[in-house]
Amino acid sequence: MYKMELNMGKRVFSVPRAAISRLCEAETAQLRVLLALCSGEAEDIDGVCGMLLLPREVVEKAIDFWVACGVFELSGGTLRPNFSQKAENRPEKPKRHLEPPQYTMEEIDFASGKNPSLASLFQLTQKRLNKTLNPSDTRILYSFCDYYGMEPAAVMVLVEYMAEKGKGSMRQIEKTVVFFDDAGIKTLEEVTDYLERKRIRDSFEGEVRRLFGLGSRAFTVNEKAAVQAWQDKFSLSKEMLAVAYEKTVDATSSPSIHYANKIIERWAESGISSAEQAIADKKDGKSGAKGKKSSVSGNVDMQAFEEWSWKDLEKIIGE
C-alpha cells in the first residue's frame, strides 16, 4: 500500500467540487478540457485547442458539457466558474442502464392515478401532438419522468418546443431527453433556461442565414466561430447585424461573413455599440489594425477562477 504525501502547495490547481460527480460519465476529451481550463494556462478557447491539440468543435462541445453540468457559466461571452450553491450541491446522477424498463400499461395507469401532474402530461401531450398516444409512445413518455427523472412540467415544455420545430415523434423527443440526462438538465427551470437560450441562438443564426443567403448550407468552422462570437462576445443586435451586412455588400458587392466579421471586430475595438453609431461609421472592414489575429473565441476569466479555486482548496487541506 502506498503512503500518500500530496501537499504540493502552489504547484497544484484545484478542480471544482461540482465536477466530481460527473467524472465517471465524462468522455476523455471532456476531462482533458476540464483540466486545461482549471490549470489557468489557456486564456481563450484557441489556447485550449493548442494545449490539447483538439479541434475547436470538440473543445466547444466539452465546454458546453461542463456548463450544462453547472461547473462553469457563460456570461457576456466569458467563461467563469459557477459559484452557485445549486451547482456545488447538485446530487450525483444515478447511473443509467442501457435502456428504460419495459413498463406495463397497468404500471403507468397506476402511476398516473397517483400523480396528477403525470396524468396531465399524457393529456396535454396528446393534445399538443394532435394524436392519441399508442402504448409504445406512452411507455417512452412515461420513461422521461420515471427513468430519466425529469419533472412532468419540464417534459411538457420540451414537447411544446419539439412540436414547434416539427419534430413531434416520441423517438425524436427521446433523443433530446437523453442529451438532457447526460447534461443533468431535469427541472422546469433548467429546461426552460436551456431552450430559451437555444431559441435566441437559433433566431440569430437564422437571421445570419437569411441576410447572407446561406440557405441550409452548414457554416464553415470559421463562419461558425465568427457568428458565435457576434452573439457571445460582442452581444451583437440584429439591427447591427443588418448594418454590417449592408456595409459588407456595399464594399464587396457580395455577402461575406469573413468581411462582416472584420467590421464587427473593429466596431467592438472602437466602442461602437448601437446601430445608429454603426450607420454613422464611415470605415469599412479593411480599416482594422494590421497584423492582429482575428478574435472569435470566448474568454476564460482565469483570475476569478484562481481566486475561487484556491479558496476551495484551502477548505480541503486547511490554511
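With a relative accessibility of 11%, Asp-281 counts as buried in this predicted model, since buried means under 20% relative accessible area. Its partner is Arg-266, and the two side chains meet in a salt bridge with an N to O distance of 2.7 Å. Asp-281 sits in the loop between helix 14 (275–280) and strand 3 (299–300), while Arg-266 belongs to helix 13 (residues 257–270), so the pair ties together parts that are 15 residues apart in sequence. Arg-266 is buried too, with a relative accessible area of 6%.

Another salt bridge joins Asp-46 to Arg-56, with the closest N and O atoms 2.9 Å apart. Here the pair links distant parts of the chain, with Asp-46 in helix 2 (residues 45–52) and Arg-56 in helix 3 (residues 56–68), ten residues apart. Asp-46 is partly exposed at 26% relative accessibility, whereas Arg-56 is buried at 11%. The two also take part in a network of salt bridges that includes Glu-60.

A further salt bridge is found within one helix. Asp-202 pairs with Lys-198, and the closest N and O atoms are 3.0 Å apart. Both residues lie in helix 10 (residues 188–212), and because they are four residues apart there, about one helical turn separates them. Asp-202 is partly exposed, at 25% relative accessibility, and Lys-198 is likewise partly exposed, at 30%.

Technical notes. Residues numbered from 1 in each chain as written. Predicted model: local features only at pLDDT ≥ 70, side-chain atom pairs only at ≥ 80, totals over all residues. Heavy atoms only, no water. Salt bridge = Lys/Arg side-chain N within 4 Å of Asp/Glu carboxyl O. Helix = DSSP H or I, 4+ residues; strand = E, 2+ residues; numbered from the N terminus. Buried < 20%, exposed > 50% of the residue type's maximum accessible area, 1.4 Å probe, protein only.
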